[in-house]
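Please open the model in a viewer and keep the selection tool at hand.

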Amino acid sequence: MTATQNAHEHTPRMQMAKVAPEVYKAVLALELSAKKGLDPALVELVKIRASQINHCAFCIDMHTKDAIAAGESVERIVLLPAWEESRHFYTEKELAAIELTEAVTVLTDGFVPDEVYEKAAKHFEERELAQLIAVIATINVWNRIGVTTRLVPGHYTPGAYKV
């Protein structure tokens, strides 16, 4: 059997933190305040799901590694893209957050459907829901930065960024 070689790794287009440090710090501050008080496992599931939808390989790599380091099961992470068929792996609260994440990230109809919002509102107190919405919005900002600047996945180590 012959060894195969992986495809060439691309290089990033830009390092946002160096080129626009004030923007980077502002998004980081938003993230820090948004996730305060929320269940860290739930936050990682939301970040992973949004990153999958947005095809941000760097963020998928980062947040799956962070989730595993925090004790999340590989099974729940692997099944996340098919959460509707594997609902029994998640709590109703997590399912409401995942569904809201998809609705906010995709905005197919130009708005978040009432039933999706109401389901989330049933599982989260108002302040907690506001923070969840901010977490979803923030990961979407990071995804767009990562995809546009072509951040390279595979090199992240959990805890490398003190967030």
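Begin by selecting Arg76, which counts as buried at 14% relative accessibility; buried means under 20% relative accessible area, exposed over 50% and partly exposed in between, with a 1.4 Å probe and protein chains only. The model is predicted, so local features need pLDDT of at least 70 and side-chain atom pairs count only at pLDDT 80 or more, whereas totals for chains, interfaces and linings use all residues. Residues are numbered from 1 along each chain as its sequence is written, and side-chain values use heavy atoms, with hydrogens and water left out.

**Salt bridges**

The side chains of Arg76 and Glu72 meet in a salt bridge at 2.5 Å, N to O; the term denotes a side-chain nitrogen of Lys or Arg within 4 Å of a carboxyl oxygen of Asp or Glu. Glu72 is buried, with a relative accessible area of 13%.

How many salt bridges does a search of the whole structure find? The search finds 8. For another of them, select Arg49 and Glu102, whose closest N and O atoms are 2.7 Å apart. Arg49 lies in helix 3 and Glu102 in helix 6, so this pair ties together parts that are 53 residues apart in sequence. Helices (H or I, at least four residues) are DSSP runs, numbered from the N terminus. Arg49 counts as buried at 11% relative accessibility.

Next, select Asp61 and Lys65, which form a salt bridge of 3.1 Å, N to O. Both lie in helix 4 (residues 57-69), 4 residues apart, about one turn of the helix. Asp61 is buried, with a relative accessible area of 14%, and Lys65 is partly exposed, with 24%.

**Cysteines**

A search of the whole structure finds 0 disulfides, a disulfide being a pair of cysteine sulfur atoms within 2.5 Å. Select Cys56: the nearest cysteine sulfur, that of Cys59, is 3.2 Å away. Cys56 counts as buried at 1% relative accessibility, and Cys59 is buried with a relative accessible area of 5%.

**The aromatic pair**

The whole structure holds 1 aromatic pair; rings of Phe, Tyr and Trp (its six-membered ring) pair if their centres lie within 6.5 Å, and planes under 30 degrees apart count as stacked, over 60 as edge-to-face and the rest as tilted. Select Tyr24 and Trp142, which form an edge-to-face pair, 5.3 Å centre to centre with 65 degrees between the planes. Tyr24 lies in helix 2 (residues 21-35) and Trp142 in helix 8 (residues 126-149), so the pair ties together parts that are 118 residues apart in sequence. Tyr24 is partly exposed, with a relative accessible area of 24%, while Trp142 counts as buried at 13%.

**Nonpolar cores**

A nonpolar core is a set of buried Ala, Val, Leu, Ile, Met, Phe, Trp, Tyr and Cys residues joined through side-chain atoms within 4.5 Å. The largest has 15 residues, and Val46, Ala97, Leu100, Phe124, Leu129, Leu132 and Val135 touch the most other members. Helix 3 (40-53), helix 6 (92-106), helix 7 (114-123) and helix 8 each give two or more residues to this core, and helix 8 gives the most, with 4 residues.

Finally, centre the view on Leu129. Not counting residues up to four places away in sequence, Leu129 touches Leu100, Tyr117, Ala120, Ala121 and Phe124, where contact means heavy atoms within 4.5 Å.
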